[in-house]
Amino acid sequence: MKQGKNLNSASRFSLITLALLLSFSSYVFAQEDSTATADAAGAAESETSPAAQGGDAAAGKALFNANCAACHKLYDRATGPALYNVTERRDREWLYRWIKNNKELRDSGDPEAIAIYNEYSQKAMNIFPQLSNADIDDILAYTNTPKPEPVAPADQAGGGGGAGGGVSSTIILAILAIVLVMLVAVLFLVNNTLRKFAVAQGVELPVKESRKPIWKTFVENQFLVLVSVIVLLLGGAYFAYGWMMQVGVDQGYEPIQPIHYSHRIHAGDNQIECKYCHSSARTSKHSGIPSLNVCMNCHKSISEVADATSDYSSVTEDYTKEFYDKEIQKLYKAVGWDQATQSYTGETQAVEWVRIHNLPDFAYFNHSQHVSVAGVQCQTCHGPVEEMEVMYQYAPLTMGWCINCHRETNVKMDGNPYYEKIHEELSKKYGVEELTAAQMGGLECGKCHY
Amino acid sequence: MKNSIKIVSSLVMLVLIVSCQDKDYRNYEYMPNMYEEISYEAYGKYDVFPNQMEAMHPVEGSVSRGWMPYEYPNSTEGYQEAKANLTNPVPYTEDNLNEGKGLYTIYCAICHGDKGDGKGTLAEREKILGIPAYNDQGRAITAGSVYHVMYYGLNTMGSYATQTTERELWLINHYVMDLKDALDGKPKRAFEDETTTQEEALVEQEEMTDEGQVMSEEAQTEE
């Protein structure tokens with residue numbers, strides 16, 4: 001008994017020290033984090049200071065974005081060459097002449113100009129007679145801005161700080177749990193010790209008397225058995241009905257796609273029209289999945305997402321910049337786009353998107369009828385797609401769901417001469433001004449099943 | 001002891017049943033053959049096709065519905081020729097302009113901006129930079145050059161021929177030239193007469209190719 005007690009206190013002591021150690025260590029972590037953030041912030045500041053030499057880099061940036069950025073990037077090849085430190089590679093006077101009127105320079109037989117023209121597959125650069133030498137100086141000052149260090153460390157420190165808060169709260173929870181467990185253990189031990197004392201002192205403990213088991217009493221009461229059987233049957237039928245009604249309904253189906261395409265970023269943050277990519281929804285039965293050339297309309301110039309420091313960043317803690325950049329690389333691989341040469345290699349591979357919305361063959365549904373003629377919003381059936389990080393099926397797509405909408409929705413008759421005559425006759429028949437899809441015959445079996 | 005075994009096993013059963021309803025997988029279907037059609041569906045995967053891909057390129061030399069062959073080549077010379085010679089065959093009417101505006105809002109405004117000043121949402125959010133305004137002097141766009149660029153794409157801009165038809169591109173073209181005039185501060189052009197022969201020819205050609213449309217019109221006349 002004595003030994004047991006000792007052991008008990010020893011274990012308690014070790015638990016308390018562990019808890020103390022853990023809580024203390026969280027403070028240490030937090031301190032480290034804050035210093036790391038400060039360091040990174042300082043580094044970022046010193047780097048963004050303009051390296052201006054004979055030109056205003058800030059003004060240059062505006063000019064560059066307005067005039068040059070369509071074809072040039074600072075650190076990567078685009079339609080034209082990368083322009084970082086172009087002043088070291090070329091003579092400033094030559095640059096003035098080239099930017100203002102590169103055709104004139106080429107025609108004058110300048111070998112440098114002809115060489116670069118041929119290197120970039122004879123795609124002529126636009127002429128910029130409107131830019132003055134001072135403007136060009138500004139632009140060149142901007143092109144000499146060194147590439148900002150990857151902000152990942154600062155980012156991580158920020159994330160670490162946040163996680164540090166999370167860690168400390170989990171530690172608090174863990175300590176609480178440990179304390180609870182210890183309390184239970186102490187209670188158990190005390191109870192045990194008391195019992196042992198009682199036995200040692202010869203005190204009689206109360207003994208449980210055996211009673212008639214409850215199930216026997218239950219079986220003997222026939223009325224209770226009958227009632228509970230009925231309740232069980234009804235309840236079982238209710239759940240069986242519920243289960244059978246959801247067979248074939250894929251609401252909430254959210255498969256993993258080969259490329260993680262975020263509708264949240266495209267349709268939500270960047271407000272790209274649904275019909276930009278799903279263009280066939282306007283004119284066809286199907287709302288097609290865009291072929292990859294449609295992706296490349298934008299992703300030719302967007303090869304990576306903006307990091308967390310940008311005002312227009314869409315990255316989150318779960319979906320980081322590295323994660324999204326890898327997905328864009330998947331697109332490039334599938335479409336055969338070589339970033340280094342900014343050209344297509346011709347080696348393509350199919351992207352096997354997983355179909356989410358699928359109607360059985362016996363139901364006819366036409367997108368153009370709903371999108372173009374009726375003017376139904378995509379979100380009516382597909383839900384808040386602009387908020388979906390991963391696309392899922394929002395509506396049940398059952399017949400009851402279709403019918404319900406046809407009963408409630410008025411047909412858009414304005415400016416559609418096709419409906420003029422039938423509207424006149426039907427509104428007389430039903431005595432209403434606005435007709436629902438159901439009144440137009442939207443509930444007839446043959447409209448959708450044939 | 002016996003009881004606890006029962007409780008644990010029933011819990012395991014419950015977990016198994018619940019875990020069957022995984023959002024990564026489709027639900028059970030009563031008659032799966034009605035969901036997996038025998039006919040080839042758009043974007044399907046079937047053994048008869050090369051790489052099992054139903055979505056294939058059309059045979060070389062085939063002409064898409066709603067399109068006529070475009071004779072200007074995709075080159076700098078082709079661009080200059082189109083810029084000088086190509087004109088819009090679709091008449092400039094109010095309906096056509098509104099239709100063009102709708103299409104412009106879907107496909108172009110995201111970069112070029114609602115006013116055509118190169119300040120669309122993607123430009124404002126610094127995703128795509130250097131989008132010129134339509135009245136940019138160095139480019140001096142014409143109806144022909146606009147069509148050529150929409151058809152083939154140019155530099156960073158991609159081709160929009162897959163998302164539209166020939167007529168739709170010309171409708172957008174009207175609206176683009178309208179925006180350019182507005183940016184230049186010029187007055188709006190006067191609308192043309194509806195019945196221009198070129199427009200009719202284009203529409204007819206579309207109807208000839210579009211069976212669905214012809215059928216619906218037949219149904220209308222029967223009524």
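How far apart should the ends of helix H14 of chain A be, at 1.5 Å a residue? Helix H14 covers residues 321–335 of chain A, 15 residues in total. The expected span is 1.5 Å times one less than the number of residues, so H14 should span 21 Å. Its end C-alpha atoms are 21 Å apart, which agrees. After H14(A) comes A:Gly336, with a positive phi near 75°.

Some ground rules. This is a predicted model: local features need pLDDT of at least 70, side-chain atom pairs count only at pLDDT 80 or more, and totals for chains, interfaces and linings use all residues. Residues are numbered from 1 along each chain as its sequence is written, with chains lettered from A and ligands numbered from 1 in the order in which they are written.

Now confidence. pLDDT is the predictor's confidence in each residue, from 0 to 100. Chain A averages 79, and 84% of its residues score at least 70. Among its elements, helix H10 (residues 222–245) has the highest mean, 94. Helix H1 (residues 2–48) has the lowest, 43. Helices here are DSSP runs (H or I, at least four residues), numbered from the N terminus. Where pLDDT is low, the predicted coordinates should not be read in detail.

On to chain B. It has nine helices and zero strands (strands are E runs of at least two residues). Of its 223 residues, 24% are buried, meaning 20 or more other C-beta atoms lie within 10 Å of a residue's own, with C-beta atoms placed from the backbone.

Finally, the interface. 36 residues of chain B contact 49 residues of chain A; contact means C-beta atoms, placed from the backbone, within 7 Å.

Key. Contact = placed C-beta atoms within 7 Å. Buried ≥ 20, exposed ≤ 12 C-beta atoms within 10 Å, placed from the backbone.
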